[in-house]
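User: I would like to go through the terms used for this model and ask, for each, what value stands behind it. Please set each value against its cut-off before concluding.

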Amino acid sequence: MIPTIVATVRKAWPVGEEALDRLAACLRPCAFPKRHLLVSEGRADGLAYFVEKGMTRSYWIVDGQEITTSFSIDGGIVFSMDELYYSRQSEEYVEAVEPLEAYAITLDDLRRLFAENLELANWGRVIHQNEYRRLHRSHKERLTLPARERYEAFARQFPEVCRRARLGDIASYLGITPSTLSRIRGCR
């Protein structure tokens with residue numbers, strides 16, 4: 001099994017070797033160039049990706065503007081929730097921000113593993129409850145904190161993303177303009 005994936009899975013939930021072997025049997029390595037779209041609005045590709053090396057960002061397009069909703073770095077997993085849970089075409093995009101090395105798994109295999117293996121089902125539940133908590137906290141911060149405090153909270157939670165992501169993508173995630181973020185970062 002790939003060490004990064006083992007660490008990612010076990011960080012969220014204790015999963016035994018047999019379950020990890022079943023997961024590994026469904027994975028295939030893949031690589032994508034910077035700016036490649038792994039997930040696109042209006043498409044249903046049926047894949048999830050474990051990020052081995054690189055970074056992605058998820059975003060929506062609203063009134064012609066890209067609104068960043070999340071980032072994923074080495075050890076993360078990315079997919080369309082619309083596809084996985086509702087068998088619908090994606091409503092968002094996931095883009096490689098850097099050249100990306102990953103392992104793909106079909107959503108059908110992932111659903112089957114969740115149905116057949118309680119350890120993997122619990123792992124899936126925990127990563128989603130953690131993501132829901134992150135989204136909930138982010139939403140609260142966007143509504144209640146001044147821009148500087150939003151950025152400081154983001155920088156504490158995602159220091160690696162702060163070093164690697166484009167300024168405009170971070171600003172979009174925080175709901176501020178790039179010039180405001182530039183001023184905030186310049187005053188640190």
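User: Where is aspartate 63 placed, and why is aspartate 63 called exposed?

Analyst: In this predicted model, aspartate 63 sits in the loop between β4 (55-62) and β5 (65-73). A residue is called exposed when its relative accessible area is over 50%, and aspartate 63 has a relative accessibility of 78%, so the term exposed applies to it.

User: What makes the backbone of aspartate 63 worth noting?

Analyst: Its phi is near 50 degrees, which is a positive value in a residue other than glycine. Most residues other than glycine have a negative phi.

User: Which loop holds arginine 35, and why is arginine 35 called partly exposed?

Analyst: Arginine 35 belongs to the loop between β1 (28-32) and β2 (37-39), and its phi, near 80 degrees, is likewise a positive value in a residue other than glycine. Buried requires under 20% and exposed over 50%, with partly exposed in between; the relative accessibility of arginine 35 is 45%, and therefore it counts as partly exposed.

User: Is serine 90 buried or exposed, and how do you know?

Analyst: Serine 90, in the loop between α3 (81-86) and β7 (93-96), has a relative accessible area of 3%. Since buried means under 20%, serine 90 is buried. Leaving aside neighbours within four places in sequence, serine 90 is in contact with Val39, Ser40, Glu41, Gly42, Arg43, Ser80 and Asp82.

User: What makes the pairing of the side chains of serine 90 and serine 80 a polar contact?

Analyst: The limit for such a pair of N or O atoms is within 3.5 Å, and the contact between these two side chains is listed at 3.5 Å. A polar atom of the serine 90 side chain also lies 2.8 Å from the backbone oxygen of glutamate 92.

User: Why are α8 and α9 called roughly perpendicular?

Analyst: Helix α8 (residues 167-174) and helix α9 (residues 178-186) pack at an angle of about 100 degrees, with their axes 9 Å apart. Angles of 65 to 115 degrees count as roughly perpendicular, and α8 and α9 are therefore described in that way.

User: Which residues bring α8 and α9 together, and how do they divide by class?

Analyst: From α8 come Leu167, Gly168, Ile170, Ala171 and Leu174, which meet Pro178, Leu181, Ser182 and Arg185 of α9. By class, this contact has 6 nonpolar, 2 polar and 1 charged residues.

Conventions:
Residues are numbered from 1 along each chain as its sequence is written. This is a predicted model: local features need pLDDT of at least 70, side-chain atom pairs count only at pLDDT 80 or more; totals for chains, interfaces and linings use all residues. Side-chain values use heavy atoms; hydrogens and water are left out. Axes are lines fitted to C-alpha atoms, for helices over the stretch in contact, and angles run from 0 to 180 degrees between N-to-C directions. Helices (H or I, at least four residues) and strands (E, at least two) are DSSP runs, numbered from the N terminus. Angles under 35 degrees count as roughly parallel, over 145 as roughly antiparallel, 65 to 115 as roughly perpendicular and the rest as oblique. Contact means heavy atoms within 4.5 Å. Ala, Val, Leu, Ile, Met, Phe, Trp, Tyr, Cys and Pro count as nonpolar, Asp, Glu, Lys and Arg as charged, and the others, Gly among them, as polar. Buried means under 20% relative accessible area, exposed over 50%, partly exposed in between (1.4 Å probe, protein chains only). A polar contact is a pair of N or O atoms within 3.5 Å; within protein, one must be able to donate a hydrogen and the other to accept it, and residues adjacent in sequence count only if both atoms are side-chain atoms.
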